[in-house]
Amino acid sequence: MHNIVVLISGNGSNLQAIIDSCTNGIINNSQVTAVISNKADAYGLKRAQHANIEAVSIVATDYANPQDYDQALIEKINNYQPDVIILAGFMRILSANFVSHYQGKMLNIHPSLLPKYAGLNTHQRAIDAGDSEHGTSVHFVTEELDGGPVILQAKVPIFATDTIDNVIARVQQQEHNIYPLVIQWLLSQRLSMQNGYAVLDGKKLPPQGYAAQ
């Protein structure tokens, strides 16, 4: 049985998709063993509790500096002997030491078609730019913010009448589809990170990931 640790900061809709995918076999022979949040009031912690998963909050203000926080986070994560660490809306910049410790076994999902719109407010930035399409990217985590090699992207249209809520809902639906799929690839050893590239089934993926076109 593979162990998955999920890091969150908020609602946890991707967390729920991962929990459900472990239940229905999309993520095979795996379980979410812990959900850790940097915010004590994150709703995703309640999702974990409802699924009988250990829910933990580690709040930065309890630590003298970011390095101490990240070290405490590492120690807590390691208690669960994770096969993968999944960032699902974890709104915190991780230190180089933390990233290095889990290099190649830590994934993130970002709400844009990377490398476009790294950072925050991606949906509004896409609307403001007049983009006709937007989307989401699953990538390996590296020291560069939202800069690790992309594994898989999903595109959605942006229509002239869309509100930001329309775009967010459309993107999240795709996130819930592709994130469990990539997690299964990693756990089944089809996917790896080699020399700074994502490699699937022995083939180096292009910059926009699998099925780029």
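**Exercise 1.** Is Arg92 buried, partly exposed or exposed?

*Solution.* Residues are numbered from 1 along each chain as its sequence is written. The model is predicted, so local features need pLDDT of at least 70, side-chain atom pairs count only at pLDDT 80 or more, and totals for chains, interfaces and linings use all residues, while side-chain values use heavy atoms, with hydrogens and water left out.

Step 1. Buried means under 20% relative accessible area, exposed over 50%, and partly exposed in between (1.4 Å probe, protein chains only).

Step 2. The relative accessibility of Arg92 is 22%. Arg92 therefore counts as partly exposed.

**Exercise 2.** Determine which residue forms a salt bridge with Arg92, and locate both partners.

*Solution.* Step 1. A salt bridge requires a side-chain nitrogen of Lys or Arg within 4 Å of a carboxyl oxygen of Asp or Glu.

Step 2. The partner of Arg92 is Asp70, with an N to O distance of 3.9 Å.

Step 3. Asp70 belongs to helix α3 (residues 66–78), whereas Arg92 is in the loop between β4 (84–87) and α4 (96–101); the two are 22 residues apart. Helices (H or I, at least four residues) and strands (E, at least two) are DSSP runs, numbered from the N terminus.

Step 4. Asp70 is classed as buried because its relative accessibility is 2%.

**Exercise 3.** Describe the setting of His110.

*Solution.* Step 1. His110 is in strand β5 (residues 106–110).

Step 2. With a relative accessible area of 4%, His110 is buried.

Step 3. The side chain of His110 reaches the backbone oxygen of Tyr117 at 2.8 Å.

Notes
A polar contact is a pair of N or O atoms within 3.5 Å; within protein, one must be able to donate a hydrogen and the other to accept it, and residues adjacent in sequence count only if both atoms are side-chain atoms.
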